[in-house]
Amino acid sequence: MKNKLTDDIKELLSQGMNWAKLEVEYLKLTAAEKIIILLSMSVIGVVILLLLLPALLMFLFALAQVFIDFMPVAVAYVTVGGIVLLLLGLLIIFRKQLVINPVAKFISKVLLDHPEKKSEK
């Protein structure tokens, strides 16, 4: 009787250790997946930014050329600069709605996804 109880306890401890090792591996894989998603989205964001900046610069020069038809050259470029500063100011004023909330929503979605939601999909 005592031998059987000892064997049962050893088997239970062995299964518990095996379960703990599997949980650690699952946590490692989940963390790796989430880090990969965050890093890949960061890289995509940087690439998009680097591709959009020259296009934005060309559009701003084109806008200045349009304004040159109506006003002196210096005033046209200052006007375009003022428009850029105005847009930058609006971005700073509405940074929570335009930047912080979407980024926080994305990161919390990646980091805090619940297993119940995955099973519903």
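1. Helices (H or I, at least four residues) and strands (E, at least two) are DSSP runs, numbered from the N terminus. In this predicted model, the elements of the protein chain run α-α-α-α from the N terminus on. The radius of gyration, taken over C-alpha atoms, is 28 Å, well over the 14 Å that the globule rule gives for 121 residues, so the chain is more spread out than a compact globule. That rule is 2.2 Å times the number of residues to the power 0.38.

2. The C-alpha trace spans about 100 × 25 × 25 Å along its principal axes. Of the 121 residues, 6% are buried. Buried means under 20% relative accessible area, exposed over 50%, and partly exposed in between (1.4 Å probe, protein chains only).

3. The structure holds 2 salt bridges. A salt bridge is a side-chain nitrogen of Lys or Arg within 4 Å of a carboxyl oxygen of Asp or Glu.

4. K4 is exposed at 54% relative accessibility. D8 is partly exposed at 41%.

5. E25 and K28 form a salt bridge too, at 3.6 Å from N to O. They lie 3 residues apart in helix α1, about one turn of the helix. E25 is partly exposed at 41%, and K28 is exposed at 51%.

6. A note on reading the model: residues are numbered from 1 along each chain as its sequence is written, and side-chain values use heavy atoms, with hydrogens and water left out. Local features need pLDDT of at least 70, side-chain atom pairs count only at pLDDT 80 or more, and totals for chains, interfaces and linings use all residues.
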